[in-house]
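Student: Could we go through this structure together? I would like to learn how to read it step by step.
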Amino acid sequence: MESGGDRCSSGGSCNPDVVCEKHSFKSKLSESLVQLACSHHHCAFPLNRNELCIWNTATAQPLHLSGHHYSISALSFGSKINPLLVCSASRERVIVWNLDECTQKVQEGLTPQGIVIGTLLGMVLHVRFSPDDQQVAVCAGNRIYMLSAKNKAILSELDGHLAAVTAAEFCTLEKSTLISVSEDRTFKVWDYSTGQLIYQSGVLTAAFPLLSLLIDEENKQIITGCAEGQLWIFSLISDHNYRCVVHINLKKEQEKFCNKVWKSGKEIGEGQNTSKLCKTNNMRPEGSVETSLPILLIEHCDFLVCFHNEENTSSALNTSYFWIGSSTGLLIINLANFELEAFLSFRDYSDLSIRFAGSCALTRKAVNGKIFCLITSMFEDMTAVLEVNLAALVRTQQSDFLLCGNENSLSVIARCSLLTNSPLCKGLKKNMKEPSSKTLGVKSTVKDQPLVFHKKIKSSGYTAAPQMTMFSPNNNLKKNEVSKWKTSHKCKNKEYPLESSPPIKYEKGISVTCKPTPIRCIQCSGDGEMLACGLADKTVLIFSSNLTDTYNVFSGHDAAVNSVGWSHDKKWLVSASEDRTLRVWSVCNNEPALILGKEKFHKTVRFAQFYFIDAFILLCCGAEFHLLSFHLDTTKDDLKRYKQRSVCKLVQKFPMASTVEITSLSAVNDFYSYTVLTAGSNRALEVFDLNAGCSTAVIPEVHTRSVHQICQNKGSSFSTQQPKAYNLFMTTAAGDGIKLWDLRTLRCERRFEGHSSRCYPCGIAVSPCGRFIASGSDDKCAYIYEMRSSTFSHKLGGHTESVINVTFNPSSPQPWLFQALYVDTDENDLSKSSSSTCHSQGTLLPLIPSTYCALVSDNSRWSMLGERFIDVEPWDQLAGCFEEAAEGHGVADEQIGVAQEQIGTSNLTWARTALGLHPPVRSSV
């Protein structure tokens, strides 16, 4: 029995243009628990128990087909359009119908008939055509029968599930592959040509059966859902072994989404237009019943129709979306960030005949921005065809709290000049006396003046012979040295290859310390020539980029070093420590150029960096961050060498709202930017505009835990990216993966899952080309993600403990410079790019193959001694290193002398033995 024509919802509280009931059908018996089917222009559903009804969405005409004696329980359309096949299954038979032939026979006044391909298979819950429409998978009981679509023949039988099979899908990524889910709460992967079981998962839920299944071949993933509203996504990449990418609780995601919609509607005064479910989500009336959220259907969503006239569609073009059909409504899930994009509740539309669905089916492709939804009632004998305006649904729910981000026009790159009252206009440079233009470029001359002693007493130089030769070039370079010099300078002029592969090849490594001392932070200089790392033993180490020697060692902090940061000109290094001090070091000097003591800060300085192209220093302390202006002067007064001549001034403090402590801070120093990003212990992220001197946006509940690192896509001076790409930044929190955000929309664009970060705050880094993300992990590996994929592309193993820090070299034009650094916590080592074949101990890896040996002793008298191998000259430098290391450790002068003699004969082994140490261990490549 058919009822009514179009009935657009207008009596509800929501937009009537979103959903329209095109047709409804009354039947004698309920068909609530059946598999429905939708194709491009047809909807198939059982009518009056054993009658098949095909409703044409274009002509609105039904086609009735008879051939079953028992109730139809499963329906499916074929994969091809011409001819369009449909399979119907009941307890006693499985029939394949050719719709073109059936339509022609009905027009001729004949009774259409289908091909019976199976009989007496039992209760059928699901049927599915193969991609070529030659076979049909029939899920009957706990078995799967592979039937021929042309005749009555059982090609194979798949037996292995312990309960009824609820869904099955063909996978074209591998030949003859079928994936099935069952009420036994597991999924299995089959080779249906041979009937062999390829993979069997563990039990996914405690008590609720798996009901639905979808294979996303574009992203190589399996998506399955259960009767409790839980969703799992598994990877189909060959070497991932069907690992779980993410587990989504749809109830929680629905609550978060409704809260956002309700808050945004309340702020702009349109709270009356939000969903009833959103309003009562957190204020459930007393005595009301909480409904479950069974996942009845998972289907691809043609989400791009919502933006066919929009200019900014880059994020949507690179993202997949899918529908979730439940008993209470339809949901759209973003497969990039695993968040809810839109929600349609049947209860919000009073003109709909069905409020609770028992079965659901959707058309995959949208026509004129609209899709058809076929649902059956859970409690009544009714079936309805709904027309959903996808674009209207998305816009009514997202325009308030997503598109408003475009109006603020937030950008990392500075797009306007400084304001007159901007904090960035304040500082010491404005008050400093600049040199006169008359003296610039003028050579100083000595004039006849009387000899007067001032505060500075310097030698007159009268006893020294005049220097006749000002500069003498070194022209006796060896050929290999000249070639190396030319090669290195040639490499610096090249740009970072934007289409290169990620670093996955292990090179080599050295130990950083001989005692278990965690490396707290690492950072590469902007030119890629030096690498700084802060250790828990209160020191800061600087290595050359090829890691062949230690460039400098800074000591002076009284506690572990929390952060290190390079200046834009690569001449200075700022470090913050647990001792509540901040120090600025000159790369060429062991003494700090600037010290800010404990009296300046009431709490520990968690992070410090240079800002606004070295014009300021940013640091976070407690619940606020400080903007400091400074002037560095490394010269010393001969009479007051204890007094530092560098000056630092506090410009302004910026408090973060509603938080106890700032856990992470990030800003760009390579170009002019007014934007500063902060994350707090309240799990929120706040955006500050230092040009205006205020907070401009707050993103609440960024992660389930506090963010421990914000990583911006800063690029490097060796690479060029699109200006919009610099608005992307990443956040990470323990146990909650990595999220990619867009500053323009203030929303999460993608989520990266796969690494483990539950025990340690594992760091992340972005490659200079902006295509890869590196991450540490608790499982003793480092992971590399591609920016457009939510799952990792490479897993770099080999460490014995957690990897807690990573970074990229910003300047490398050659493959060996594309190395990601990571830290091993057990040996406190620094490494660059490892594979499964690297050493079990943590090592510091050079970027190029070299004859380098780490001479690290287990003797307590020595902290670290790493020198070049035998083919490196001059030897007097090595002798000085031995002498310096031996001082203060009770090594006799005779031993030092013998050691130096052995070094002079190029015998490092005997030199070490002369000092009473063990023979050196050469690191293998």
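Tutor: We start with pLDDT, the predictor's confidence in each residue, from 0 to 100. This is a predicted model, where local features need pLDDT of at least 70, side-chain atom pairs count only at pLDDT 80 or more, and totals for chains, interfaces and linings use all residues. Residues are numbered from 1 along each chain as its sequence is written, and side-chain values use heavy atoms, with hydrogens and water left out.

Student: What pLDDT does the chain average?
Tutor: Of the residues, 72% score at least 70. Over residues 813–823, however, the pLDDT is below 50. Where pLDDT is low, the predicted coordinates should not be read in detail. The chain average is a pLDDT of 78.

Student: Which residues touch the most other members of the largest nonpolar core?
Tutor: A nonpolar core is a set of buried Ala, Val, Leu, Ile, Met, Phe, Trp, Tyr and Cys residues joined through side-chain atoms within 4.5 Å. Buried means under 20% relative accessible area, with a 1.4 Å probe and protein chains only. The largest such core has 31 residues, and those touching the most other members are W323, L330, I332, L344 and I375.

Student: How far from R243 is the nearest side chain of opposite charge?
Tutor: Arg counts as positive, and Asp and Glu as negative. A salt bridge needs a side-chain nitrogen of Lys or Arg within 4 Å of a carboxyl oxygen of Asp or Glu. R243 is buried and has no salt bridge. The nearest side chain of opposite charge is that of E753, at 7.0 Å.

Notes
Buried < 20%, exposed > 50% of the residue type's maximum accessible area, 1.4 Å probe, protein only. Contact = heavy atoms within 4.5 Å.
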